[in-house]
Amino acid sequence: MPSGHRLITFNAEPAVLNAIEDWKNWLQHEKRYSVHTLDAYSRDLSIFLAFLAKHLGFQPGLNDLSKLKTSDFRSYLAKRTNDGLSRTSLARVLSTVRNFFKFLERSELLHNAAIRGFRTPKIPKSIPKAFSEEEAFEVLTGISMFAPEPWIGKRDVALITLLYGGGLRLGEALSLNFLDASSIKPGGTLLISGKGGKQRVIPMLDVIAETMTEYIQACPYVQNEEDPLFVGMRGKRLNPGVFQKQMRKLRIYLGFSETATPHALRHSFATHLLSGGGDLRTIQELLGHASLSTTQRYTDVDAQRLNAVYQSAHPRAKRT
């Protein structure tokens with residue numbers, strides 16, 4: 001079991017349990033899913049199998065899974081809806097089940113036509129929440145006030161500058177080691193390993209190099225190449241929950257909404273690039289999006305911003 005995995009139990013017959021282990025190994029080694037994604041998939045499948053055990057009245061085997069009908073899958077989604085899941089979450093849990101059944105079919109363990117024809121709940125189009133340029137500046141300048149030690153304040157400033165200035169996901173930034181920091185210099189680039197092991201190159205702004213240098217010089221822990229770049233109070237790799245807690249404190253202090261999260265800095269990076277004239281293809285590469293359609297969501301954000309400016313500033317828009 002990979003480091004970081006939680007122990008998740010599955011209510012099923014031995015043949016299904018063996019198939020689950022093969023499926024998880026395939027996700028980890030072939031698809032290169034992260035530990036967090038593997039945990040989420042495992043948890044979703046565990047809940048599905050627990051539902052089936054109660055729904056059918058016994059632990060399901062491979063033959064039982066092959067005989068499941070559309071009504072069985074509908075009953076599962078109805079149960080999860082009653083649990084309070086949103087349409088987005090329902091789509092995710094159904095995607096997990098579909099993924100598992102596709103693996104079983106690919107492995108020639110079973111075939112189920114019902115899951116192939118079952119439609120995913122329609123997901124409302126989500127618009128990324130971004131900071132305004134002024135709000136982003138407030139976050140950059142305010143995060144250090146909650147640090148228990150001066151060097152931790154420099155760490156948080158460097159981390160936020162990297163998220164906003166480079167468009168990194170929080171997990172991508174926290175996975176960096178000191179070896180990676182050697183390329184963080186004015187005019188340099190940073191190689192990032194994103195989702196699915198996909199790599200991309202991020203140009204380093206001078207301000208990123210400056211804040212990173214200040215943090216590294218202040219950090220009291222050993223800085224060997226394989227040591228984590230961003231560390232906590234005890235010198236271990238920084239836990240994302242610790243940094244998210246700092247962001248919550250700052251959000252409350254500044255009076256921002258609950259959407260003011262570390263990930264909002266990545267959205268702000270893309271939105272502000274687009275507002276400044278950046279093209280979608282370049283932004284797609286910088287964000288590491290596999291599909292341009294994912295990046296195109298930011299055109300909606302920019303259109304909303306332009307419309308708001310027009311409504312508040314144009315003389316014809318103000319006339320009653």
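In which hand does H2 pass H4? Select the two helices and find out.

**Before you start**

This is a predicted model, in which local features need pLDDT of at least 70 and side-chain atom pairs count only at pLDDT 80 or more, while totals for chains, interfaces and linings use all residues. Residues are numbered from 1 along each chain as its sequence is written, and side-chain values use heavy atoms, with hydrogens and water left out.

Show the whole protein chain as a cartoon. The chain has 17 helices and two strands. Helices (H or I, at least four residues) and strands (E, at least two) are DSSP runs, numbered from the N terminus. Now colour by burial. Of the 320 residues, 42% are buried. Buried means under 20% relative accessible area, exposed means over 50%, and partly exposed lies in between (1.4 Å probe, protein chains only). Contact means heavy atoms within 4.5 Å. Among contacts in the chain with a separation of 6 or more, 64% join residues 24 or more positions apart.

**Stop 1: H2 and H4**

Select residues 35-56 for H2 and residues 70-82 for H4. Their axes come within 11 Å and cross at roughly 115°. That makes H2 roughly perpendicular to H4. The axes are lines fitted to C-alpha atoms, for helices over the stretch in contact, and angles run from 0 to 180 degrees between N-to-C directions. Angles under 35 degrees count as roughly parallel, over 145 as roughly antiparallel, 65 to 115 as roughly perpendicular and the rest as oblique.

Here is the hand: H2 passes H4 in a right-handed crossing. A crossing is right-handed if the near helix is turned clockwise from the far one by less than a right angle, and left-handed if anticlockwise.

Show side chains. From H2, pick Asp44, Ile47, Phe48, Phe51 and His55. From H4, pick Asp72, Phe73, Ser75, Tyr76, Lys79 and Arg80. This contact of H2 with H4 holds five nonpolar, two polar and four charged residues. Ala, Val, Leu, Ile, Met, Phe, Trp, Tyr, Cys and Pro count as nonpolar, Asp, Glu, Lys and Arg as charged, and the others, Gly among them, as polar.

**Stop 2: two residues of H2**

Stay on helix H2 and select Ser42. Ser42 counts as buried, at 4% relative accessibility. Beyond its neighbours within four places in sequence, Ser42 is in contact with Ile8, Phe10 and Lys24.

Next, click Ala50, also found in H2. Ala50 is partly exposed, with a relative accessible area of 38%. Draw a C-alpha to C-alpha distance from Ala50 to Phe10: 7.2 Å in space, for 40 residues apart in sequence.

**Stop 3: H4 and H5**

The axes of H4 and H5 come within 10 Å and cross at roughly 145°. H4 passes H5 in a right-handed crossing. Phe73, Tyr76, Leu77, Arg80 and Thr81 in H4 meet Leu90, Val93, Leu94, Val97 and Phe101 in H5. The class count for the contact of H4 with H5 is eight nonpolar, one polar and one charged.

Glu108 is not a glycine, yet its phi is positive, about 60°. Glu108 counts as exposed, at 72% relative accessibility.

**Stop 4: the largest nonpolar core**

A nonpolar core is a set of buried Ala, Val, Leu, Ile, Met, Phe, Trp, Tyr and Cys residues joined through side-chain atoms within 4.5 Å. The largest one has 42 residues. Select Phe131, Leu159, Leu162, Met212, Tyr215, Leu229 and Phe230, which touch the most other members. Elements giving two or more residues to this core include H7 (133-142), H8 (150-166), strand S1 (189-193), H11 (206-218) and H12 (240-254). H8 gives the largest share, eight residues.

Zoom in on Leu229. Residues up to four places away in sequence aside, Leu229 touches Leu176, Asn177, Phe178, Ala181, Ile184, Met212, Tyr215 and Ile216. Apart from this core lies another, of 32 residues, among them Trp23, Leu62, Leu94 and Leu110.

**Stop 5: H8 and H12**

Select H8 and H12. Their axes come within 12 Å and cross at roughly 90°. H8 and H12 are therefore roughly perpendicular to each other. Asp156, Leu159, Ile160 and Leu163 of H8 make the contact with Phe243, Gln246 and Met247 of H12. The contact of H8 with H12 has five nonpolar, one polar and one charged residues.

**Last stop: Glu135**

Glu135 lies in helix H7. Glu135 is partly exposed, with a relative accessible area of 26%. Not counting residues up to four places away in sequence, Glu135 touches Ala130 and Phe256. Finish with a distance from Glu135 to Ser268: their C-alpha atoms are separated by 9.9 Å, at 133 residues apart along the chain.
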